[in-house]
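Me: I have a structure to look at and some quick questions. Can we start with the aromatic rings?

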Amino acid sequence: MRDVDDLPHVDLRVPDSVARILSGLATHGIAIFQGGTERNDLLCVARSLISIRAHRDSDFDGVTTIARRPASKVGRTSLAGFTDRELWPHTEGSAVCRPPRVLMLACLRPARTGGRSHLVDGRDLYDEIARTDPAMLAALSTPRSAYFGGGSGHLGAVFEQTTEGRMTVRLRLDELARFAPILAPSIDQLRTLVQQLTIPVDLRAGHGYVLLNDRWLHGRTGFTGNRMMLRIIGDPLSTDGLPSGFCPAEAPQRALRAACSPSTPPHDLAHGLRVHTSARPALGRTNDADTGVRKGAP
């Protein structure tokens, strides 16, 4: 497992911080930063990187404050981020047709205990599955085999190939994820791999990360105290030229051909929808507030 020290680090107080973040996104799909203590400074950096998307829970400027809310106001899994509970690593906006490509998260006030950020590189996850279980990779790449969200979610696959031959990941492992029968034998192993590949990150005040949401999964541990984070989502500016997803170690076509059999019938979640409920440890919850992503920038 990689360590956080293996990832690009940027100080937002240096003049070329935006260029360094872009370099980190281009090479690793992520940049860990420090020096982001002021909301306006974070917004300035974000606007230099992305076209900000408004969100159901965001303020007028597109920034969402992630902090614990009274229990009476949090009743849905999509609002679990506004609790002190654990959040499994997940894709932001997994239930919308086109999730935001970039996520920026900054710590204003750390938790008293817990609240450690968890990051998983989708490329590492893909490569490990391709190396150890090609049949599982084929199942996870089957179109219309995974449904994310509530009544108006997204039907697709965990891994999808782009027109440029790259791969993207879309995943969540909570009550709002449903999988076709072809995936049922793989879900527990997928969860295990996500845990094994998790990179823990302790974010202090002014620290945070910017990541490509179609490559990296993000989550956190449960916590106590008045933890407060700022979240900004959006899409890369056209001038930045950041391609979608990641390039796997092995070409997607070769990895999938190794697992696919012509005699295997197609599996469509629309004809076999179910929630995978085999024995497993209690799940954490993800918070995309998935159905709350709105198009446009503030």
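This is a predicted model: local features need pLDDT of at least 70, side-chain atom pairs count only at pLDDT 80 or more; totals for chains, interfaces and linings use all residues.

Me: How many aromatic pairs does the structure hold?

Reply: Three aromatic pairs.

Me: Take Tyr126 and Phe246. What kind of pair is that, and why?

Reply: Edge-to-face. The ring centres are 5.9 Å apart and the planes sit at 65 degrees. Edge-to-face needs an angle over 60, so the pair of Tyr126 and Phe246 gets that label.

Me: Where do Tyr126 and Phe246 sit in the chain?

Reply: In distant parts, 120 residues apart. Tyr126 is in helix H3, residues 122-132. Phe246 is in the loop between S18 and helix H6 (252-257).

Me: Is Tyr126 buried or exposed? And Phe246, buried or exposed?

Reply: Tyr126 is buried, at 1% relative accessibility. Phe246 is buried too, at 1% relative accessibility. The cut-off for buried is under 20%.

Me: Which strands do Phe148 and Phe179 lie in?

Reply: Phe148 lies in strand S9, residues 146-148. Phe179 lies in strand S13, residues 177-179. So the pair ties together parts that are 31 residues apart in sequence.

Me: How accessible is Phe148? And Phe179?

Reply: Phe148 has a relative accessible area of 0%, so it is buried. Phe179 is at 4% relative accessibility, so it counts as buried as well.

Me: New topic. How many cavities of 30 Å³ or more are there?

Reply: One. About 150 Å³ of space lies in the largest cavity.

Me: What lines the largest cavity?

Reply: 15 residues. Ile66, Leu87, Leu105, His218 and Arg220 lie nearest its centre. Strands S5 (87-90), S16 (216-220) and S18 (228-236) each give two or more residues to the lining. S16 gives the largest share, three residues.

Me: How does the lining split by class?

Reply: Five nonpolar, six polar and four charged residues.

Me: Last one. What pLDDT does the chain average?

Reply: It averages 86, and 82% of the residues score at least 70.

Methods
Residues are numbered from 1 along each chain as its sequence is written. Side-chain values use heavy atoms; hydrogens and water are left out. On a 1 Å grid over the protein atoms alone, a cavity is a set of points where a 1.4 Å probe fits but cannot get out, and a pocket is an open set with protein on both sides within 12 Å along at least five of seven lines; lining residues have an atom within 4 Å of a point. Grid points are joined across faces, edges and corners, and a volume is the space filled by probe spheres set on the points. Helices (H or I, at least four residues) and strands (E, at least two) are DSSP runs, numbered from the N terminus. Ala, Val, Leu, Ile, Met, Phe, Trp, Tyr, Cys and Pro count as nonpolar, Asp, Glu, Lys and Arg as charged, and the others, Gly among them, as polar. pLDDT is the predictor's confidence in each residue, from 0 to 100. Rings of Phe, Tyr and Trp (its six-membered ring) pair if their centres lie within 6.5 Å; planes under 30 degrees apart count as stacked, over 60 as edge-to-face and the rest as tilted. Buried means under 20% relative accessible area, exposed over 50%, partly exposed in between (1.4 Å probe, protein chains only).
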